[in-house]
Amino acid sequence: MVEKMCIIVSKGTLDMAYPPFILATTAAAMGFDVHMFFTFWGLNILVKGKADKLKLPGAMSLFTGMMKKKMKKLNIPSISEFIKKAKEAGVKLYACETTMQVMDIKPEDLIPEVDNIVGASTFMDLASDSKMVLFI
Amino acid sequence: MVEKMCIIVSKGTLDMAYPPFILATTAAAMGFDVHMFFTFWGLNILVKGKADKLKLPGAMSLFTGMMKKKMKKLNIPSISEFIKKAKEAGVKLYACETTMQVMDIKPEDLIPEVDNIVGASTFMDLASDSKMVLFI
Amino acid sequence: MVEKMCIIVSKGTLDMAYPPFILATTAAAMGFDVHMFFTFWGLNILVKGKADKLKLPGAMSLFTGMMKKKMKKLNIPSISEFIKKAKEAGVKLYACETTMQVMDIKPEDLIPEVDNIVGASTFMDLASDSKMVLFI
């Protein structure tokens, strides 16, 4: 049986957008069935045009460009490239329904890579029989 | 056998107070036996009069009122309402003993909904045979 | 069979450095085989001379000294003491290879307590058969 991994992505800063995608694509490569639920600030990552405009938090935001340059030099994918890689590896991306209402985000505002718009209970159904569930 | 879910609540900002309660009440509705451990800044949520005064973090704190209004309009419970809902659903709330000492919080400062004041090892005992353990 | 616990340490502020070490040493005392993976800002904790210079985040950084004094008075170990305690309890400490490249941290910059420098996939191998996996 294929094991499931669920990741709740709740942050929208560049530093906290990388870990969920690194873990998701690594787990998918190991054969896990991976599901990512984007909620609160994390939902921003799925809004058209936002993935590559994420910044480092607070006062560190000034160093965002420097960090991106360094990562590019090291051949680390950008967040939009990681979204593509995740999809190619079979990772499912879900947008949190409640967050969309709170932040006035419409379905057409989301990137086409989103698999579905779901509520917390749909996601918890997936999580409840997962081998790993991470809140990031 | 009823499965357990444990949530460690370590943040005290409004945005990070919602996810643990949404997940806890959703899991309880699905039949999980849910335990929440409030530690570090998260303990503030259990201090009398604080639950409904939580703010968004950093510079976003200015938008706290706006977000609360929007959530009210959408019929999303406030944090104090979520505490009641969680209790009604059988969720257990624990205050971290060490955090109380560090922050000079007395047992009488806590809301009556708190089930117990416990240390990390008591909580880890619960976590060690849980189906899901989340650190938020 | 000894059960495994994996903790991903992604934050480098004093408040978020304590929870992973408290949970790791508690779990090790309960008989868990504990593995800690230090990534992003969390890697700073393993850089020589940094563990005891961590600060509270943002505007709260001004209260770092006050909190440290209070914790000392309560006999709570400092982070460098917790690193020693964790090692004595058999906890394994891993530095994230990619973070080292991004932040220009050399192997000789790390404290000798580090067990190994590993990539995400090595860590996910450990995580995939763990009883608990936490992202902090």
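**Close-up views of a predicted model**

**View 1. Polar contacts and a salt bridge join chain A to chain B.** Across this interface, four residue pairs are in polar contact, with both residues of each pair at pLDDT 80 or more. A polar contact is a pair of N or O atoms within 3.5 Å; within protein, one must be able to donate a hydrogen and the other to accept it, and residues adjacent in sequence count only if both atoms are side-chain atoms. On the chain A side, helix H4 (97-102), helix H5 (120-128) and strand E5 (132-135) each give two or more residues. H5(A) gives the most, with six residues. Helices (H or I, at least four residues) and strands (E, at least two) are DSSP runs, numbered from the N terminus. By class, the chain A side has 10 nonpolar, six polar and four charged residues. Here Ala, Val, Leu, Ile, Met, Phe, Trp, Tyr, Cys and Pro count as nonpolar, Asp, Glu, Lys and Arg as charged, and the others, Gly among them, as polar. The rule finds one salt bridge across the interface. Its partners are B:Lys70 and A:Asp104 (2.8 Å, N to O). A salt bridge is a side-chain nitrogen of Lys or Arg within 4 Å of a carboxyl oxygen of Asp or Glu.

This is a predicted model: local features need pLDDT of at least 70, side-chain atom pairs count only at pLDDT 80 or more, and totals for chains, interfaces and linings use all residues. Residues are numbered from 1 along each chain as its sequence is written, chains are lettered from A and ligands numbered from 1 in the order in which they are written, and side-chain values use heavy atoms, with hydrogens and water left out.

**View 2. Chain A and chain B bury about 1800 Å² between them.** Of this, 79% is on carbon and sulfur atoms. Buried area is the accessible area (1.4 Å probe) that two parts lose on being put together, summed over both. In chain A, A:Phe40, A:Met124 and A:Phe135 lose the most area to chain B, together 36% of what that side buries. The contact (heavy atoms within 4.5 Å) takes 20 residues from chain A and 24 residues from chain B.

**View 3. A:Phe21 and A:Phe82 form a stacked aromatic pair.** Their centres lie 6.4 Å apart, with 25° between the planes. Rings of Phe, Tyr and Trp (its six-membered ring) pair if their centres lie within 6.5 Å; planes under 30 degrees apart count as stacked, over 60 as edge-to-face and the rest as tilted. A:Phe21 lies in helix H1 (residues 14-29) of chain A and A:Phe82 in helix H3 (residues 79-88) of chain A, so the pair ties together parts 61 residues apart in sequence. Both residues are buried. Buried means under 20% relative accessible area, exposed over 50%, partly exposed in between (1.4 Å probe, protein chains only). A:Tyr18, A:Phe21, A:Phe38 and A:Phe82 form one aromatic cluster.

**View 4. C:Lys4 and C:Asp129 form a salt bridge.** The closest N and O atoms are 2.7 Å apart. C:Lys4 lies in strand E1 (residues 4-9) of chain C, and C:Asp129 in the loop between helix H5 (120-128) and strand E5 (132-135) of chain C, so the pair ties together parts 125 residues apart in sequence. C:Lys4 is buried, at 17% relative accessible area. C:Asp129 is partly exposed, at 46%.
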